[in-house]
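Trainee: I would like to learn how to read a ligand site. Please take me through one.

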Amino acid sequence: MSQRYRVAVVGATGQVGTLMLGLLRERAFPASEIVAFASERSAGRVLQGAGAGGGDLTVQGLDEESIQGFDLALFSAGGSTSGEWAPRFAAAGAVVVDNSSRWRMQDDVPLVVSEVNPEALASHHGIVANPNCSTMQMVVALKPIYDAAGIERLVISTYQAVSGTGRAAVDELLDQSHALLHEREISPPASYAHRIAINALPHGGSFADGEDHTDEERKLINETRKILGDPAIRVSATCVRVPVLTGHSEAVNVQTREPLSPERARELLAAAPGVSVLDDPSAALYPLAIDAAGQDDVFVGRIRRDPGHERALDMWIVADNLRKGAALNAVQLAELLHAQGLRGARPAGTAAA
Ligand SMILES: NC(=O)c1ccc[n+]([C@@H]2O[C@H](COP(=O)([O-])OP(=O)(O)OC[C@H]3O[C@@H](n4cnc5c(N)ncnc54)[C@H](OP(=O)(O)O)[C@@H]3O)[C@@H](O)[C@H]2O)c1
């Protein structure tokens, strides 16, 4: 009988967790059992039809007893929960795939995108990090260009959807929009520093004291270099939050080391795994957030020569931030781990069913 695994989904009631449960089911991940974890607030809540075979799951709280006996733990419950509980799951024998930023830049934690650097998985010590959503979609599109011509410098402007902030931000955008359209008073902003409805905030992420870049901008810089394994790439990033529900868009200027024509870039991207090229501006064909939402691929269009630099291209990269930007890549990493024999630090004599 082929190997089947006991899987924990931590943050199972959230946007990413819900999608991970759905993808484990849709993609028929070989799970013998899936256990849903969330905060104590949700303990006892029933997630209907969310189990591996379509059965219901009852949400559990995290404690030393409930986390024992797992082969795999998919985390999407924020950095502090990952900081506290990911090492405990790993010590109990599970391989953790973590969606938060908590472990991404740690040297002994691989930061992996399934189409870009799957070989990095082999070096894990119990925790594997899933990159930030904006970085994830960008590197999927950049990898074929990097392999063909190298990358010297990136200048990135993001247009990020509110679902990237969490469910509360989605509700806030919808509430504010509804209030504006019905000429009602708008509640003070809670998820962002300013109103997000019918606005654009040059404040994607948060500013640490004394920092002139947001943490989201730093993630784009640092994570891109780590995933592509090239600390020499120069990255300039501005992250903007826009009133889009799902689907991050990015305008990216790519300065290559070797010359690369837009035509060749288009061919390379069209052949790349996980990428779809939509590029016929004369027919108003280019990637849109509303079309990318619910899709697995990263969409690329508006591929053109930068008139200001003979070795630079401009492009527009769009993907579903909850899917490829988070849940889908986590499940793809689980599939790759399975293909490699999925082994955590489980004590001898307690092998999976
Ligand atoms: N949204 C994105 O595009 C995106 C992309 C990449 C990575 N991520 C990362 O994925 C994580 C979740 O994002 P999301 O959008 O799914 O957020 P969300 O919808 O707000 O869900 C948060 C989840 O975390 C759980 N949680 C909160 N505090 C907890 C605790 N103390 N112990 C256990 N569980 C706890 C929540 O449980 P309750 O329901 O019980 O509160 C809920 O299941 C974050 O780390 C985020 O940075 C998100």
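Trainee: Where does the ligand sit?

Mentor: A pocket is found on a 1 Å grid over the protein atoms alone: it is an open set of points where a 1.4 Å probe fits, with protein on both sides within 12 Å along at least five of seven lines. A molecule sits in a pocket if more than half of its atoms lie within 2 Å of its grid points. Here the ligand sits in the largest pocket. This is a predicted model, where local features need pLDDT of at least 70, side-chain atom pairs count only at pLDDT 80 or more, and totals for chains, interfaces and linings use all residues. Residues are numbered from 1 along each chain as its sequence is written, and side-chain values use heavy atoms, without hydrogens and water.

Trainee: Which residues come nearest to the ligand?

Mentor: A residue is near a molecule if one of its heavy atoms lies within 4 Å of it. There are 26 residues around the ligand, and T13, Q15, S39, R41 and S42 come nearest.

Trainee: Which backbone atoms lie by an oxygen atom of the ligand?

Mentor: A polar contact is a pair of N or O atoms within 3.5 Å. A backbone N or O atom of G11 is 3.1 Å from a ligand oxygen atom. For a polar backbone atom of G14 the distance to a ligand oxygen is 3.0 Å, and for a backbone N or O atom of V16 it is 2.9 Å. The protein buries 77% of the 900 Å² that the ligand exposes when taken alone (Shrake-Rupley method, 1.4 Å probe).

Terms used. Polar contact = N/O pair within 3.5 Å; in protein donor to acceptor, adjacent residues only side chain to side chain. 1 Å grid on protein atoms, 1.4 Å probe; cavity = no way out; pocket = protein on both sides within 12 Å on 5 of 7 lines; lining within 4 Å.
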